[in-house]
Amino acid sequence: MDPNILILGAPGAGKGTQSRRITEKYDVEHVTTGDALRANKHMETEHGTPASYMNEGELVPDPVVNEIVKAALEDADGYVLDGYPRNLSQAEYLADITDLDAVLYLDVDKSVLVDRLTGRRVCDECGANYHVDFNQPEESGVCDECGGELVQREDDTEETVRERIRVYEENTQPVIDFYDDEGELVRIDGEQTPDEVWDDVQDAIESSV
Ligand code: AP5
Ligand code: MG
Ligand code: ZN
C-alpha cells in the first residue's frame, strides 16, 4: 500500500515544492487544501467565499475545509497532505478519518519566509513553484515543465504574507507541538537547498513507513 504522509510547515516553508517530488517518487496523491480552495475560490458557501478569507490571509472556516479533505482522502490510495491541519480542531478531525504513516515538519525561520513568498511565482497551468532568486525557471516567466505562464499568487503580497505568518503562529504552531508530543514528528531543516531538503524528506519517509 502507498504511504499516507503529512507535511507541515509555515507559509513558504517549501511544502508544495517537496510535495510535488513526493507524489512523483512515491506514487501518491497531492492533497492540498490551498490549491483546492484556490480552484473554488468564488464558490458560495454559508460562510462566504474562500477568497474572502484567503486574500486577507485568514483561515477558511473548518466545515468547508474538513469536507474537502474528507472527500479527497477517501479517493486517494496513498497521499501527501499539504496545508491541513492548520488548527487543533482540524487535527482532531483528521485523526478520526485517517491513519498517518509519516509526519514531516519543514523547519524554517520566520525571517526567511517573507522573501520566499513575495518572490514566488506559480505556473498558471500545472501549479509548479518557482522563485525569482532561489529557484528560477530556464526562461523568465515560463514554466519549465509545461510552458505555462508564471504568475504571482494573490496572497503573496507583503502585507498578506505577514498576516498569514501571524495566523500560522497563533493557530498552527499548536498543531506542530501536538504531533511532536505524540512522538510522530520528524523535523527537517527547511533552510537547506531544495535538493538537500529533498534528501532529508526521502530519508524521513523511508524510516517512518
Ligand atoms: P496554502 O496554499 O496552503 O499556503 P501556505 O500554507 O501559506 O503555504 P504556501 O503554499 O504559501 O507555502 P509552501 O510551504 O507550499 O511553500 P512553497 O513550496 O510554495 O494556503 C493558502 C490559504 O488557503 C491560507 O492562507 C488559508 O486562507 C487557506 N487555507 C488553506 N488550507 C487551509 C486549512 N486547512 N484551513 C483553513 N484555511 C486554509 O515555497 C515557497 C517559495 O519558496 C517558492 O517560491 C519556492 O520556489 C521557494 N522555495 C521552496 N523551497 C526552498 C528552499 N529550500 N530554499 C529556497 N527557496 C525555496
Ligand atoms: Mg503551498
Ligand atoms: Zn507548468
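The lining of the largest cavity has eight nonpolar, three polar and two charged residues. (Ala, Val, Leu, Ile, Met, Phe, Trp, Tyr, Cys and Pro count as nonpolar, Asp, Glu, Lys and Arg as charged, and the others, Gly among them, as polar.) This is a predicted model, where local features need pLDDT of at least 70 and side-chain atom pairs count only at pLDDT 80 or more, while totals for chains, interfaces and linings use all residues. Residues are numbered from 1 along each chain as its sequence is written, chains are lettered from A and ligands numbered from 1 in the order in which they are written, and side-chain values use heavy atoms, with hydrogens and water left out.

**The cavity**
- Searching the whole structure turns up one cavity of 30 Å³ or more (on a 1 Å grid over the protein atoms alone, a set of points where a 1.4 Å probe fits but cannot get out; lining residues have an atom within 4 Å of a point).
- The largest cavity has a volume of about 90 Å³.
- Of its 13 lining residues, Gly9, Lys15, Gly83, Arg86 and Thr172 are the closest to the centre.
- Strand 1 (4-9) and helix 7 (158-181) are the elements that each give two or more residues to this lining (DSSP runs numbered from the N terminus: helices are H or I with at least four residues, strands E with at least two).

**The second largest pocket**
- About 250 Å³ of space lies in the second largest pocket (a pocket is an open set of points with protein on both sides within 12 Å along at least five of seven lines).
- Helix 1 gives the largest share of its lining, four residues.
- By class, the lining of the second largest pocket has three nonpolar, three polar and five charged residues.

**The zinc site**
- Take a look at the zinc ion (ligand 3): its protein donors are the SG atoms of Cys123, Cys126, Cys143 and Cys146, lying 2.3 to 2.4 Å from it (donors are N, O and S atoms within 2.8 Å of the metal, or 3.2 Å for Na, K and Ca).
- Along the chain, these donors follow the spacing C-x2-C-x16-C-x2-C.
- The site is tetrahedral, with angles of 97 to 115° among its four donor atoms (four donors count as tetrahedral if all angles lie between 85 and 135 degrees).
- Cys123 counts as buried at 4% relative accessibility, whereas Cys126 is partly exposed at 29% (buried means under 20% relative accessible area, exposed over 50%, partly exposed in between, with a 1.4 Å probe and protein chains only).

Key
Grid points are joined across faces, edges and corners, and a volume is the space filled by probe spheres set on the points. Four donors count as tetrahedral if all angles lie between 85 and 135 degrees; four count as square planar and six as octahedral if opposite donors are over 155 degrees apart and all others between 65 and 115; anything else is irregular.
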